[in-house]
Amino acid sequence: MNSSTLGLISIVSALLLSTSCFADSLGEPGRSVAKANPLKNVYFGEEHLHTQASPDSFAVGNRGTWDDAYNYAKGKEVKLSTTGMKMKKKTPYDFVSITDHAEYFGVMPRLIDPEDALSKSSFAQELAHPTKKPSDPTSAINTILGSIITSTAMPEYVKPKLIQENWAKYVKVANKHNNPGKFTTLIGFEWTSIPNGRNMHRNVFWRGNGPKAPFSAFDSIFPEDLWTYQEVQRNEGHENLAIPHNGNVSDGWMYAKNKFLGGPIDARYAKRQARNEPLTEIIQVKGASETHPIFSPNDEFADFELFTNMINVGMPSQLKYGYIRQGLVEGMIIENETGYNPYKYGIAAGSDSHSAHSNNEEFNMPGGAHGKLDDTVKKRLDPAVTASGDVNAAVGSSGVTAVWAPENTREAIFDAMKAKETYGTSGTMIRLRFFGGWDFPKNLVDDKNFVKMAYANGVPMGQDLPKKGSAKAPTFAVWALKDPESGNLDRIQIIKGFINKWGRADEKIYNVALSDNRKVDPKTGKAPAVGNSVNLKTATYTNDIGDTQLSAVWTDPDFNAEQKAVYYVRVLEIPTPRWSTYDAVRNNLPLSAHVPSTIQERAWSSPIWYAPSK
Amino acid sequence: MNLLREPLLQFFILGGLIYLAYATVAPETQEDKSQSLIVNAAKVQWMQESWKKRWNRLPTRRELDGLIAQYVKERVLYNEAIKMGLDKDDTLIRRQLAKKVEFLAKDLVVYIPPNDEELQNYFQTHKEDYKGEALYSFTQIFFDPDKRGRDTLEDAKKSKEQLLQSNSILQDTSKLGDVFMTDSYFEANTPLDIRKNFGSGFMQTVIALEPGKWQGPILSGFGVHLVYLKEIISAPEPEFEKVKENVLQDWTRFKQEQINQEFYQKLKDNYVIIIEDGNVSVLDQAS
């Protein structure tokens, strides 16, 4: 090695040193850096997933295990349990929470395991080797499912010792896969209250190893009892939080004005709900719960992955009080009356797959989401209507929770969820920063120290705006970077929810950043569509429309300092083929006539709230 | 190979033992000749116990009578069904029995625990699976196709020339490319980290680069990049003792599959299989 190359090396390493400091100030340095990043990294993951340990997943033939689900999330090749098909995730997750139903937690696989004492009973024998048809209401599988729907437990399968044993096994497997700094497994379960088909489900998550046993709908179907359980566990040192999901199929109960047992929501109820449920799920395979075109007639993107029938009931779910955008404002109305906002929700998203693998990747949706019901292309594209009153293809390929945390550990990810520094996506891995404040400079997002300055002078997604200063209106800084494996970005929108002068929930949508140098029409506030590069014959698209990254610093032009308001970001991708289109084209089948052929994937941030100072 | 370790032989020995045990201890519950059907005390006790397990209490007399009546009915109809040959060529029954045989075969692997040598061999041939990941530190400069359009690639090439020629000036790389929102320097990234940040195509290219000079242009889902790979820290060789538990798990899964395959193959070899599918028309499948 001669002296001039040595000189070059020292120059380059000096250069690297300087860029490294520069990078740090931008946030998100390389993720494997051992020390925590105070400006936070984004981590993508799953908050809703079932394995054979869930009775309904078992009932639809899934035999995928906890190990299978974790391995798939980590990017390892696994086999779909029903067909043996090999599958592999394109972009592995940073964290995953398996959330099996608390009802008969882990019992079903034991009943058919010949080496397990539980398999010896005649009921277990009938389950393992059925003599009755699965459609027979008295078959073993229907006895189990019926007992869940009617909340009348089969006593031998809810014995505390049994459930504790199964729960301990789950925690052990979760801990085996937990690898601080690289891959987090969050301990969780699903509480499955579904009175008369109204979905009141909540997923419960733990900061540590969690309690001795999960709380099930056999214990109680009332949310207030779940909160009591959460509070008791918290007092015992088991920090936890719950995420309600599928407002879209709650028959209008999820974000309602009334308490679950009747009567208007009061201060105590609102306070407890807010404390125990910091986040809500905006999308999963059974539909989006952001908004409905009925409530958002001016939102041309509101008709997105809707799933409006109650699960297995097939009747339409009541729309009002079933969607988050209006729920956020209803919460502020209740706050005006009681002093507490029960629906001060941050945003999460998940798959709710019952086939033991997340399926957020639209272009790589290998095994359906419901065991043997949709594990082949033919079944998925079958035009026949299912028990839920829609075709199989109406089920989506969603969704992802993204969290901003200093490091990838169980505690850091839990704390970020609790702080609502999260956002949800329809499956894509868009990176999204969102800050609110009163005196952000116009060029803030172009500054090298953007993130540092934004944290110092404002708040990130999920928080209240700081106290109003002399500025007339709040300013928001937002940037988004596309998923390198998905389509380009179409636009960034800021959606404002507020209480209008008649005391009703109202909304306004602002296009704050547009790709391809498009401009907003000042009269309508709308922007021309980004276009469509999808070839439906080949299920391909090109990224010659849309942008790689978008950003904006935006001041609310309609701000009223006397009026409560809530702001959240929606980022849209350009149109890309929907999973059902990939399925059809790859298998030489006609496109499904029942669902859209293309999809504009998107991300929704947790909101930032404003309240006038008293 | 030890003859006793042959799965098929084990299977027949096991099957023989099960039959022998059954033949000696199983009480006669029926005699076909006289058409009598005896429900003995043991059977009744079994019914009573499974009821108790199910409902947490003893059955009443009426309930027990019901259970017995149900059992008798099932037996009578079952016997008649067998006599009439209804079990022959029934899809459900065929599947059930086939499954039972598969189950027996699956359990065989449990009886053949591996010795260390076998595990060592497996570990040696699958060493790559247990290796940690190498770590890559690199700087990248981004060229934004949204800003530069058709010139993006050419601009990147020009900047690379500039970087390669400049050997005296310390440059701020951000002046060369465009603003990229996440980062320019990535330290000690695994291939997985790179894949998560830039997509799989970019990762494949970068991990194959020779360290120590500016290279590119390299394409990603974002646009065009120049990359300076600073260093590669290769993963240490895996140690058997440290990963033994994982090896055992993988070996067991591998062995189970192998035994199932061999077992089925040997049984199948006893048959001459003739498939006459004549002119059945099939659909062409794309993949």
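A: One term first: a residue is buried under 20% relative accessible area, exposed over 50% and partly exposed in between, using a 1.4 Å probe and protein chains only. This is a predicted model, so to speak of local features takes pLDDT of at least 70 and side-chain atom pairs count only at pLDDT 80 or more, while totals for chains, interfaces and linings use all residues. Residues are numbered from 1 along each chain as its sequence is written, chains are lettered from A and ligands numbered from 1 in the order written, and side-chain values use heavy atoms, without hydrogens and water.

Let's go to helix H3 of chain A, residues 66-74 (helices, H or I of at least four residues, and strands, E of at least two, are DSSP runs numbered from the N terminus). Which residues of H3(A) are buried? They are A:Trp66, A:Ala69, A:Tyr70, A:Asn71, A:Tyr72 and A:Ala73. The cover over these buried residues includes helix H7 of chain A, along with strands E2 (78-79), E3 (86-87), E4 (95-96) and E5 (184-185) of that chain. Just after H3(A) comes A:Gly75, with a positive phi of about 95°.

Now for the helix partner. Two packed helices are described by the angle between their axes and the distance between the axes. H3(A) packs with H7(A), residues 160-177, at an angle of about 25°, and the axes are 10 Å apart (axes are lines fitted to C-alpha atoms, for helices over the stretch in contact, and angles between N-to-C directions run from 0 to 180 degrees). H3(A) and H7(A) are therefore roughly parallel to each other (under 35 degrees is roughly parallel, over 145 roughly antiparallel, 65 to 115 roughly perpendicular and the rest oblique).

Contact here means heavy atoms within 4.5 Å. On the H3(A) side you'll find A:Trp66, A:Asp67, A:Tyr70, A:Asn71 and A:Lys74, meeting A:Asn166, A:Lys169, A:Tyr170, A:Val173, A:Ala174, A:Lys176 and A:His177 of H7(A). By class, this contact of H3(A) with H7(A) has 5 nonpolar, 3 polar and 4 charged residues (nonpolar: Ala, Val, Leu, Ile, Met, Phe, Trp, Tyr, Cys and Pro; charged: Asp, Glu, Lys and Arg; polar: the others, Gly among them).

Next, the run into H7. A:Tyr157 sits in the loop between helix H6 (140-149) and H7 of chain A. A:Tyr157 is buried, with 3% relative accessible area. Not counting residues up to four places away in sequence, A:Tyr157 touches A:Tyr104, A:Val107, A:Leu111, A:Leu118, A:Ser121, A:Phe123, A:Leu162 and A:Ile163. A:Glu156 also lies in the loop between H6 and H7 of chain A, and at 9% relative accessibility A:Glu156 counts as buried.

Back along chain A, A:Pro55 is part of helix H2 (residues 55-59), and at 1% relative accessibility A:Pro55 counts as buried. Apart from neighbours within four places in sequence, A:Pro55 contacts A:His101, A:Glu103, A:Tyr104, A:Met108, A:Ile144, A:Leu145 and A:Ile148.

A:Met315 lies in the loop between strand E11 (287-288) and helix H10 (324-338) of chain A. Leaving out residues up to four places away in sequence, A:Met315 touches A:Thr308, A:Asn309 and A:Met310. A:Met315 and A:Ala387 are 72 residues apart in sequence, with their C-alpha atoms 9.6 Å apart.

Over in chain B, there are 11 helices and 6 strands, and 31% of the 287 residues are buried. For another helix pair, look at H5(B), residues 116-125, and H11(B), residues 240-269: their axes come within 9 Å and cross at roughly 90°. That makes H5(B) roughly perpendicular to H11(B). The contact of H5(B) with H11(B) divides into 9 nonpolar, 1 polar and 5 charged residues. Among the residues that meet there are B:Leu119, B:Tyr122 and B:Phe123 in H5(B), and B:Val247, B:Trp251 and B:Phe254 in H11(B).

The buried residues of H3(B) are B:Leu64, B:Ile68, B:Tyr71 and B:Asn79, and just after H3(B), B:Gly85 takes a positive phi of about 75°.
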